[in-house]
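Please examine the sequence and the structure shown below. The report that follows describes a ligand and its surroundings, and then a contact between chains.

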Amino acid sequence: MRWLNLLKANTKKEYIELKRYLPNTIAMLLTFYIIFVGMFAGIQLIGDPSTQDSNIQYAIVNYIFWFLSFMVINSIGYEIINEAMKGTLEQLSMSPMGMWRIMTVRLISTTFINLVIVIVLLYLSMATAGQWLNIDVITIAPILLLTVISMFGVGFIIAGISIILKQVQAFLQILQFILMALTFIPLSVSPVLAFLPFVQGIDMVREVMIHGAAFNQLQVGDFMILGFNALFYFAIGIGVFLYCERVAMKKGLMAHY
Amino acid sequence: MESIIEVQNLRKTYRKRRSKEYVHAVSDISFKVNRGEILGLLGPNGAGKTTTIKMICGLLIPDSGMIRINGIDNKEKRLKALRHISAVLEGNRNLYWRLTVRENLEYFAGNRGMSRKDVIDQVEDLLLKFNLKGKENELVNRLSRGMQQKLAIAVAMLAESDVILLDEPTLGLDVETGYEVREILKAIVRDYNRTIIISSHDMDVIQDICERTVIINQGKIVTDDRVENLLKLFEIRAYTITLGDILNSQQQQLLLQKFPQHDYQQDTYQSILNIELAKSEGIYDLFDVLKLNNTPVEAIDRRTINFEQIFMKIVKGEKQDALAQSS
Ligand SMILES: Nc1ncnc2c1ncn2[C@@H]1O[C@H](COP(=O)(O)OP(=O)(O)OP(=O)(O)O)[C@@H](O)[C@H]1O
Ligand SMILES: [Mg+2]
């Protein structure tokens, strides 16, 4: 019940801020859409006509995932820096629920809200490109869930680092390119990549959305890697976060002023 | 009486940024606070008030020492201990400026695991008591500094914690709002059974609200006593003596020997002597000096010293002297 109240409060806050700063939100979505149109036009202009359709389909899926991971992971870092400067981070840290629980529900609510946005963008992109992908919700949902959990793990690592390092902004800017690499690299480059966060998951989603794979056509081994990654990165993420929180409490870094 | 907060041998050292120097912010602080007590934490800039408060709030881990909140060790069971505590920290940094008054109250309650329904009555009550009714849908960044501070206190109240810590709650407020916040604090003391710890440099605030004060300077406790006792301690021995003549040089010499701290002002026919006696018998020494030249005494007034003067004396280490000499 306390978890649920925590989740409700944080989802509401996020929703209010998104609504109150609607112009920002719209500008962000527009930017996303314009970049997509640019990419789409680029593929049509210079791409090989024989692979054009599949290139566009890859672009849609990769780009959508990059947007989601970027929104979730980067925003938790920026939020922490922002709250450390404004001082509210100390209030969060004093919650008897524990800051890691607040961060967890924030990750969940950010993902949920952004997922809604991503779905809208996905249909918009498909309509623009005239390419209709296989949106098999039943198959995609479990893959997405496990992928998102490993994404949370990375989010926690970023959150932890953001608490103790003040000049983390520069790193967050680089991070979006790292995320881009992780979402754009196909697994066929090297099978070891499957153990990086969310590479495996996105590969499986591509399998479903582009190649029309059904649930029973997916490999059990792939799901196991996905499950392992989810657990592994989430555990590492929480561990790093709790460690960083402790360092901050020892050195008095919870407030950056 | 049952103590709800127990602080023992607390120490905290900070390392200065980009150097190997250390700052001993708190060195060996111990005190207890009883349930329902209003404790003032008083000290000059850099005394270690904020550091002490943050350690009690679990925001800073002490280098050594122990803190118990309602019997719970806040090192071993940090989150459990935090249930009994809420705090308004220094400055205007306790609220979300982009949310409204009501949204802030509800959000912070949610962060402690409470639902909107759980707190709906209390929110109404607090809005009324804190004179924030009618402002509830206003964004916090549009509120005056005083209102923001009141809201921050309301948020801390809503947490239903036994202990509320307030770090410099009237700092940066103008006289009028400072006074209003003080009235609110008094109302909390009167109407709600909470234990409160207030830090301040403002003696007036402490004298007005607190029953007991712990005075710290350079990370150490200088005194821990009831406010009225501190006032008494100094009140009895300060005199203003109006003389019907001026003192001759021999008298002045003697006076300087016996009362090095005195203050003497003279004009042609009259003079005024301000004196503080280390012990009550000191008055006889004074009379001996006056008798030398049969200086007429026109009036002897006992001066009241305000808390600020006491504080300054204590910080300068005069209390030890006063205590030593009076015993
Ligand atoms: N994060 C920090 N890093 C390094 N030194 C610090 C830090 N926080 C406080 N200090 C130092 O520790 C000492 C005690 O500071 P503290 O903030 O506890 O004092 P204070 O009594 O609250 O003072 P003020 O009245 O100015 O608020 C000061 O010398 C201060 O400079
Ligand atoms: Mg302070």
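A polar contact is a pair of N or O atoms within 3.5 Å; within protein, one atom must be able to donate a hydrogen and the other to accept it, and residues adjacent in sequence count only if both atoms are side-chain atoms. This is a predicted model, in which local features need pLDDT of at least 70 and side-chain atom pairs pLDDT 80 or more, while totals for chains, interfaces and linings use all residues. Residues are numbered from 1 along each chain as written, chains are lettered from A and ligands numbered from 1 in written order, and side-chain values use heavy atoms, without hydrogens and water.

Ligand 1 lies between chains A and B.

| Residue | Part of residue | Distance to an oxygen atom of ligand 1 |
|---|---|---|
| B:N45 | side chain | 2.9 Å |
| B:K49 | backbone | 2.8 Å |
| B:E90 | side chain | 2.8 Å |

Taken alone, ligand 1 exposes 640 Å², of which the protein buries 69% (areas by the Shrake-Rupley method with a 1.4 Å probe).

Around ligand 1 there are 15 residues, each with a heavy atom within 4 Å of the ligand. B:G46, B:K49, B:T50, B:T51 and B:E90 are the closest. This shell divides into 5 nonpolar, 7 polar and 3 charged residues; Asp, Glu, Lys and Arg count as charged, Ala, Val, Leu, Ile, Met, Phe, Trp, Tyr, Cys and Pro as nonpolar, and the others, Gly among them, as polar. In chain B, β2 (22–34) and α1 (49–56) each supply at least two residues of the shell, and α1(B) gives the largest share, 3 residues. Helices (H or I, at least four residues) and strands (E, at least two) are DSSP runs, numbered from the N terminus.

Side chains of opposite charge can pair when their charged atoms come close. Over all chains, the structure holds 24 salt bridges, each a side-chain nitrogen of Lys or Arg within 4 Å of a carboxyl oxygen of Asp or Glu. One of them joins A:K12 to B:E106, with the closest N and O atoms 3.3 Å apart. This pair crosses between chains, from helix α1 (residues 2–20) of chain A to helix α3 (residues 101–111) of chain B.
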